[in-house]
Amino acid sequence: MKELVIDLEAEKKEILKRYRALLRACKPTLQKGDKRMIRRAFDMALDSHHDMRRKSGEPYIYHPIAVAQIAAEEIGLGTTSIVCALLHDVVEDTAITLEDIEREFGKKVAKIIDGLTKISGVFGANSSLQAENFRKMLLTLADDVRVILIKLADRLHNMRTMDYMPRDKQLKISSETVYLYAPLAHRLGLYAMKSELEDLAMKYMESETYKFIAYKLNEKKAERELYIKNFIGPIQEILQEQGLNAKVYGRPKSIHSIWNKMRKKGIPFEEVYDLFAIRIILDSTLENEKSDCWKAYSIVTDLYRPNPDRLRDWISSPKANGYESLHTTVMGPKGQWVEVQIRTARMNEIAEKGFAAHWKYKESTSDSGLDQWIQKVRELLGNPESNALDFLDDFKMNLFSDEIFIFTPKGALIQLPIDATALDFAFEIHSDLGARCIGAKVNHKLVPLSYKLQNGDQVEIITSNKQTPKEDWLNFVVTAKAKSRIKASLKEEKRRKAEDGKDILERKLKSLKITYNSENLHKLATFFKLNSTLDLFYGVATGAIDLKDLKDFQTSEKSVENRTPNTIEPNQLEGIINRVKAKDSDTLLIGEDMQKIDYKLANCCNPIPGDDVFGFITVNDGIKIHRTNCPNAAKLMASYGYRIVKAKWTSQKELAFLTGLRITGIDDVGLINKLTTVISNDFKVNMRSITVDSDNGIFEGSIMVYVNDTQHLDNLIKKLKQVKGVTSVTRFDSE
Ligand code: MN
């Protein structure tokens with residue numbers, strides 16, 4: 001073993017060097033006395049993290065310094081935030097208390113650091129520590145948005161330095177990042193940070209694809225740069241002629257966004273045309289910036305023909321996160337579409353630094369979408385009914401969406417997310433209006449509640465006093481506000497009904513001589529496959545539960561001792577998690593008979609041996625094995641991190657696993673025949689189903705086959721691709 005030799009003197013020098021670099025980054029915002037305060041925070045952090053090291057072996061203090069540097073440089077935050085960033089881990093990880101912080105640095109700093117400190121404690125199976133922590137963080141967001149901004153800086157640095165973490169931690173942290181932090185960065189207008197977070201997460205979660213796209217991008221770099229040079233040359237010339245000062249450059253799109261496009265459109269890398277965008281950043285004054293941007297637009301579109309469907313004017317109506325820019329897509333040389341983004345230096349700073357830059361210019365913007373958004377978060381958090389996980393789901397939905405603009409009958413402008421319905425609009429105006437809504441008039445025409453609004457619609461809501469919120473409303477509303485209000489009112493209604501059911505059930509149990517106690521009620525709920533006793537009472541009240549089935553329950557109760565349980569009761573969950581996690585090796589081996597614990601392969605992603613997988617402990621269905629790139633994985637890991645177990649395959653040849661293949665091609669006589677010959681005869685693989693669609697000579701088929709492992713599958717795919725007429729063969733997730 002190699003002995004670790006640490007040169008303490010050299011380290012001390014390095015720490016001071018990094019601290020000085022931080023001070024240089026803070027310079028633009030420093031005021032009298034600030035430097036001393038930052039120094040005091042640095043000294044406290046250095047002293048309290050004194051003996052701690054990161055997984056990489058580096059002194060721990062490197063981390064808070066780096067977080068503070070990101071806060072200053074990449075988000076543009078000021079001294080209070082720098083102080084908080086330096087101290088962000090001391091309360092959680094060292095002997096220093098919040099009171100110490102308050103004494104030294106005052107109430108404001110202490111409050112922000114409290115927001116940055118995780119809650120500890122135990123949460124039941126229906127809750128999630130991560131979700132509760134996130135909710136806590138959002139609660140402080142309503143008070144002080146700097147908590148989230150520093151948290152984002154913290155996350156970004158952790159993601160940048162994650163190579164030394166164990167694989168399961170990397171996956172869990174990456175999942176949280178794509179699920180929560182990247183959308184948040186997006187919502188706060190931190191576009192550069194959002195892209196970097198997504199790219200870093202992809203590097204760990206989809207490393208093969210990540211490396212592949214990075215390689216492909218690099219391969220064509222010189223060619224692309226030449227193209228950009230030729231494209232922007234004439235633009236620069238004319239801008240200058242017309243007296244517009246501007247920086248014009250090409251910017252590569254992020255690996256993650258390219259990958260997204262490939263998945264969404266189902267196309268190979270070669271067919272993604274917009275691997276870069278052109279940016280025109282104008283030097284302009286506040287009065288002239290709009291007309292200057294349109295001047296530049298006119299110059300670009302005189303040179304290159306624009307696609308009329310791809311003009312986006314976020315200067316006249318900025319996005320809710322403050323983003324302002326003019327986007328157009330034009331036809332460049334060699335018949336290639338090129339996206340051009342036109343904005344001023346001020347708008348660009350907002351696009352890169354988001355919230356903080358936005359505040360700097362606040363006087364200049366008449367009303368701020370971000371303010372409205374934070375107001376909405378505040379309202380949502382004010383609803384004590386929602387449970388942390390539900391809340392998270394609803395909240396997340398509102399993070400990524402782009403917005404549309406809707407007018408009230410009096411002409412007031414309301415911002416809503418894309419796909420919002422007339423009912424969302426009603427709830428947006430007022431909860432009561434939403435609850436009593438029976439229809440709407442859109443541009444004077446009568447439409448149903450579920451009508452999807454279009455940008456610029458004028459909406460009038462029609463109500464009735466007899467109306468109450470309905471369960472199926474949840475199927476079409478999209479705003480978090482509408483969802484949480486509908487849920488709260490349904491819950492209230494359910495609770496009222498359940499009271500009746502409770503009485504009925506109590507009488508019935510008495511007549512069957514079953515004791516009415518909480519133990520039996522829970523057993524009953526499980527027997528009817530319900531989540532709670534509230535659902536049980538409600539089911540009885542509505543007649544969804546047939547009371548005659550109580551007899552079956554009685555008999556099943558008597559035979560229960562002879563039955564081996566194949567499901568996990570909620571209260572056993574803790575025990576199982578501990579058992580699985582406490583084993584010598586904390587990894588679940590799939591395919592081994594020794595394993596006493598039941599596992600099943602998840603049918604959302606159909607894992608096969610060779611896939612990167614993890615185990616997820618479910619409440620009713622044992623352990624489910626998912627692929628780490630399963631569409632559900634990010635959410636599971638982010639919300640229920642403690643229920644994840646590491647899993648890997650033991651080598652296994654005799655078992656066959658079901659997986660799906662999507663095949664496209666040119667429909668040729670006998671193509672299906674050729675494909676099935678390869679599958680059944682050449683490969684001796686069993687097929688479970690085959691569906692084929694043929695449209696105008698284009699062939700599209702899905703085939704479910706049984707394979708042994710990824711190697712086996714890869715060989716099969718390779719062979720199928722060689723069949724004449726086949727253009728692509730890809731694996732797909734679920735049936
Ligand atoms: Mn940290």
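The exercises below, each with a worked solution, concern a predicted model.

**Exercise 1. The manganese site**

Identify which residues are the protein donors of the manganese ion, and describe how they are spaced in the sequence.

*Solution.* Begin with the atoms around the metal: the protein donors are His63 and His88, each through NE2, together with Asp89 and Asp154, each through OD, and they lie 2.2 to 2.4 Å from the manganese ion. Then place the two histidines in the secondary structure: His63 belongs to helix H3 (residues 62-73), whereas His88 sits in the loop between helix H4 (79-86) and helix H5 (90-93), so that the pair, 25 residues apart, links distant parts of the chain. Finally, consider accessibility, for which both His63 and His88 are buried.

**Exercise 2. Two crossing helices**

Describe how the axes of helix H1 (residues 8-26) and helix H2 (residues 34-48) cross, and state which residues meet.

*Solution.* Two packed helices are described by the angle between their axes and the distance between the axes. Here the axes of H1 and H2 come within 12 Å and cross at roughly 145 degrees. The sense of the crossing is the next step, and H1 passes H2 in a right-handed one. For the contacts themselves, H1 contributes Ile15, Leu16, Tyr19, Leu23 and Cys26, which meet Lys35, Ile38, Arg39, Phe42 and Leu46 of H2.

**Exercise 3. A sheet and its helix**

Work out the strand order of the open sheet that contains S8, and say which helix packs on it.

*Solution.* Three strands form this sheet in the order S9-S8-S10, with antiparallel pairing. The edge strands, each pairing on one side only, are S9 (445-447) and S10 (459-463). Neighbouring strands are turned by 30 degrees against each other on average, direction ignored. Looking at one pairing in detail, S8 (residues 437-442) joins S10 over five bridges, and Cys437 has Thr463 in S10 as its bridge partner. Helix H20 (residues 422-429) packs on the sheet, where it touches S8 and S10, and its direction makes about 85 degrees with that of S10.

Technical notes
Residues are numbered from 1 along each chain as its sequence is written. This is a predicted model: local features need pLDDT of at least 70, side-chain atom pairs count only at pLDDT 80 or more; totals for chains, interfaces and linings use all residues. Side-chain values use heavy atoms; hydrogens and water are left out. Two strands pair if DSSP finds at least two bridges between them. Helices (H or I, at least four residues) and strands (E, at least two) are DSSP runs, numbered from the N terminus. Axes are lines fitted to C-alpha atoms, for helices over the stretch in contact, and angles run from 0 to 180 degrees between N-to-C directions. Contact means heavy atoms within 4.5 Å. Donors are N, O and S atoms within 2.8 Å of the metal (3.2 Å for Na, K and Ca); water is not among the atoms, so sites may look incomplete. Buried means under 20% relative accessible area, exposed over 50%, partly exposed in between (1.4 Å probe, protein chains only). A crossing is left-handed if the near helix is turned anticlockwise from the far one by less than a right angle, and right-handed if clockwise.
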